[in-house]
Amino acid sequence: MLASLPMYDLEPLQDATDAWWQELARAFRERGLEDVPVRLDRGDRHDHWSSRDLLLSQTCGWPLVNAFAGHLRLVATPLYDVPCCRGSDYCSLILVHRTSPVAELDDLRGLCAAVNGADSHSGYNALRATIAPLASQGSFFGEVRVSGSHQGSLAMVAQGTADVCAVDCVSFALMQDTMPDATADVRVLATTRGAPALPYVTSAHRGDDEVEALREGLSAAASDPTLDDVRRRLRLKGFTNLPLEAYDRIDGFVALARDCGYPEVA
């Protein structure tokens, strides 16, 4: 068995993430799940998401319905205490340097964009769909650079090596909380459309009884008053059980960009 919670595992928050897992693990054991890992695995998340041994992880919604569709099963969708979140939806913030003269999206034409990776909904897919109606013959930016992470994209904009990036609003809020220097030199230009928040998942080989035990454990941990401070630090408010089809909205972002003739951020 393995467990990981890699999506918002910022270094200053790893103790809170570990405390959250300890309570989840206890709740899962109480509900009859066996071989629950004692600690989180911080290895390669893609290896985790394709493993039959996966008990619990968190992934981006785009891999859930695309690259890892045959490997992962949706368990629950977290609710976050972040201003730009609406119920179970989150969005991306389109960020520029705080001194940038850019006033609207069209002002970004010909400038340099930083993306964390082409497999990210919040850092790539949402940005692509937002820019697509403005693109001309499949092109909009003058240059696109891959940073490898939201934190990396943010740093590129703050340091002036890129003009714009899109960052998950939960990631940005957590970075504001724990590393304010990293967010001090950027400002929000716009927000993208919402989509279901980053799901908690398990191996597609888990049975219904196991998934129900995971959901019950998540619910119990989300209401445990002894974890109020941990949940506050992680900005977690609770969970909801969405149908997998709710994540099809993410493919709608892809379709919009395709229909506009803008198949990739360029």
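**The sheet and its surroundings**

Tutor: Start with one pairing in this predicted model: serine 57 has valine 201, in β11, as its bridge partner. That contact belongs to the pairing of β2 (residues 54–58) with β11 (residues 200–203), which is antiparallel and runs over two bridges. Now widen the view. The two strands sit in an open sheet of five strands, ordered β1-β2-β11-β3-β12, and the pairing is mixed. β1 (2–3) and β12 (236–240) are the edge strands, each pairing on one side only.

Next, the helices. Helix α1 (residues 14–30) lies across β1, β2, β11 and β12, at about 145° to β2. Helix α8 (residues 208–222) lies across β2, β3 (72–80), β11 and β12, and runs at about 15° to β3.

Now the nonpolar core. The largest one has 93 residues. Those touching the most other members are Trp20, Trp21, Leu24, Phe28, Phe141, Tyr200 and Leu218. Take tryptophan 21. Leaving aside residues up to four places away in sequence, its contacts include Ala3, Phe28, Leu55 and Leu56. Val36, Pro37, Val38, Arg39 and Leu40 are also among them.

Turn to charge. Side chains of opposite charge can pair when their charged atoms come close. The model has 16 salt bridges. One of them joins aspartate 15 and arginine 233, at 3.0 Å from N to O. Aspartate 15 is in helix α1 and arginine 233 in helix α9 (residues 228–234), so this pair links distant parts of the chain, 218 residues apart. Aspartate 15 is partly exposed, at 46% relative accessible area. Arginine 233 is also partly exposed, at 24%.

Glutamate 30 and arginine 26 both lie in helix α1, four residues apart, about one turn. Their closest N and O atoms are 2.2 Å apart. Glutamate 30 counts as exposed because its relative accessibility is 52%, and the cut-off is over 50%. Arginine 26, at 35%, is partly exposed.

Arginine 206 is buried because its relative accessibility is 10%, and buried means under 20%. Glutamate 210 is partly exposed, at 26%. Elsewhere, salt bridges with shared partners join Glu23, Arg26, Glu30, Arg31 and Glu216 into one network.

Technical notes: Residues numbered from 1 in each chain as written. Predicted model: local features only at pLDDT ≥ 70, side-chain atom pairs only at ≥ 80, totals over all residues. Heavy atoms only, no water. Pairing = 2+ DSSP bridges. Contact = heavy atoms within 4.5 Å. Axes fitted to C-alpha atoms, helices over the stretch in contact; angles between N-to-C directions. Core = buried A, V, L, I, M, F, W, Y, C linked by side-chain atoms within 4.5 Å. Buried < 20%, exposed > 50% of the residue type's maximum accessible area, 1.4 Å probe, protein only. Salt bridge = Lys/Arg side-chain N within 4 Å of Asp/Glu carboxyl O.
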